[in-house]
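Here is a quick tour of one protein chain, written for someone who would rather look at side chains than at tables. Have the sequence and the model side by side as you read.

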Amino acid sequence: MSLSDTIAAIATAISPQQGSVGIVRLSGDRAEAIAQQIFHAGGRQVWESHRILYGFVRNPLTKETIDESLLLLMKAPRSFTREDVVEFHCHGGIMAVQQVLNLCLENGARLAEAGEFSLRAFLNGRIDLTQAESINDLVGAKSAQAAQSAIASLRGKLANSLKYLRGKCLNLLTEIEARIDFEDDLPPLDVEWVKSEIKFVAQESQQILATADRGELLRTGLKVAIVGRPNVGKSSLLNAWSRSDRAIVTDLPGTTRDVVDSQLVVGGIPIQVLDTAGIRETEDVVEKIGVERSRQAAQSADLVLMVIDASIGWIEKDTEIYEIVSDRPVILVMNKIDLALTPQPPLPQERGSLDFLPSPFGRGVGGEGIPIVKTAASQNQGIEDLETAILKCIQQDAIAAANLDVAINQRQKACLLRVVQSLENVKIAITDQLPLDFWTIDLRAAISAIGEITGEEVTESVLDQIFSRFCIGK
């Protein structure tokens, strides 16, 4: 990859007969010259920065008109990459933008690598590394909360916090090294001040670290599997929760033959809900495959909603299913509670009671043991209680964010863990009254780790790893 090349790429999602506008982006020293070769602006339109031109893209050799488009020129340094940038706003679809891109490549540009526009923005000082990563997070956001978190990082909130902490560490290092080099000319080092500053940086780092799991949830979402015996209301629960008819609902057991999924957002967390086939022994070949897929879905889920029929109560088959999912976080959903509370002929279990439930199930959300939620899916009742229970499970697993409206990713988390460990090593060196040289070793390590997060100290391999996850046009 040569950063002196002029690069080009399609910057919008392209699919046949969808999207009214497609954008082709150029960046580099020859961006404007290439644009002038292939774009004809009629009349007396002036080529100047941040001005929109109207015209036609034409093949300079055949004079064939490729598309009617708008052209936006952004001269360096007032552009995303701080290079000359040109954007062709073409008609959507595939052919128009692909032909415009081909003309750019034929006239001196090369196809951009994945994330190369953002990489150039970083290398040219337009954004730091946390902001570059937040761009990718914003593009892939699955919920409004994930998008807001990405926007906060893009505006520099995370970077500013980290740079402030790095500045404190650099100030400490300066004071300590000054005592090493000019011990006789300076007053003694205030050790209590050093310890106080290290404690502050460590606490702030821990607070940011607390957002890591929340950030992972916002980015990747939570996979929730609905499991249970046939005809306990799993599909009805999915339909009531998603407010759709994704799953077929009948009174016949075994209706659901495969895993049906729905995408929801609960408390800002993207959730993929999997409605599985009822787990039972069957001779039906197709249903048997569905049951096996249900078992696999339950094992791969982050959280399992185990549904039982409250009008019947807990039976031996429920125990067998619970044993399959017991190694996953479980919420017990007592569905058909409206039928359980209706006077009917007595059953072995006491209707409307939780007495039939085995240990370790608790007595409801907030009680001891496994959470229990009562629902009547066919009546759209209990859905809010179910969402509350899910959010509470997330929080109990320490996934709730600290009061910081940004959330770090796993790479940033690994660096911050090194920061905390390095600061702990400095505290040990102080307590053990080791020479000042030993203090500086780990202090430098902490400074370097923070610098890796923001990009002030970063290797080429790290940059490759980060920007390879971007789309080509970003």
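## Ground rules

This is a predicted model, so keep in mind that local features need pLDDT of at least 70 and side-chain atom pairs count only at pLDDT 80 or more, while totals for chains, interfaces and linings use all residues. Residues are numbered from 1 along each chain as its sequence is written, and side-chain values use heavy atoms, with hydrogens and water left out.

## The chain as a whole

The chain has 16 helices and 13 strands. Both are DSSP runs numbered from the N terminus: helices are H or I with at least four residues, strands are E with at least two. Of its 474 residues, 48% count as buried. Buried means under 20% relative accessible area, exposed means over 50%, and partly exposed is in between (1.4 Å probe, protein chains only).

Take the contacts (heavy atoms within 4.5 Å) between residues at least 6 apart in sequence: 68% of them join residues at least 24 apart. The accessible surface comes to about 23,100 Å², and 50% of that belongs to carbon and sulfur atoms. Areas come from the Shrake-Rupley method with a 1.4 Å probe; for residues, only the protein chains shown count as cover.

## Helix H1 and its cover

Which residues of helix H1 (residues 31-38) are buried? They are Ala31, Glu32, Ile34, Ala35 and Ile38. These residues sit on the same side of H1, because they cover an arc of only 160° around the axis. The arc is taken from the directions from the helix axis to the C-beta atoms. As a rule, an α-helix has 3.6 residues a turn, so residues three or four places apart point the same way.

The cover over the buried residues of H1 includes strands E2 (21-27), E3 (39-41), E4, E5 and E6, plus helix H2 (95-106).

## Salt bridges

The structure holds 21 salt bridges, each being a side-chain nitrogen of Lys or Arg within 4 Å of a carboxyl oxygen of Asp or Glu. Glu83 and Arg120 make one of them, at 3.0 Å from N to O. Glu83 is in the loop between strand E5 (65-74) and strand E6 (85-91), and Arg120 is in helix H3 (residues 116-123), 37 residues apart. Glu83 is buried at 13% relative accessible area, and Arg120 is buried at 1%.

Arg166 and Glu456 also pair up, at 3.3 Å. Arg166 lies in helix H6 (residues 157-181) and Glu456 in the loop between helix H15 (436-454) and helix H16 (460-467), so this bridge ties together parts that are 290 residues apart in sequence. Arg166 is buried at 11%, whereas Glu456 is partly exposed at 43%. Elsewhere, salt bridges with shared partners join Asp5, Glu83, Arg110, Glu116 and Arg120 into one network.

On the surface, Ile52, Tyr54 and Leu70 form a nonpolar patch with about 290 Å² of accessible area together. Patches take residues with over 30% relative accessible area and no salt bridge, joining like charges within 9 Å and nonpolar side chains (Val, Leu, Ile, Met, Phe, Trp, Tyr) within 5 Å. Ile52 is in strand E4 (residues 51-58) and counts as exposed at 56% relative accessibility.
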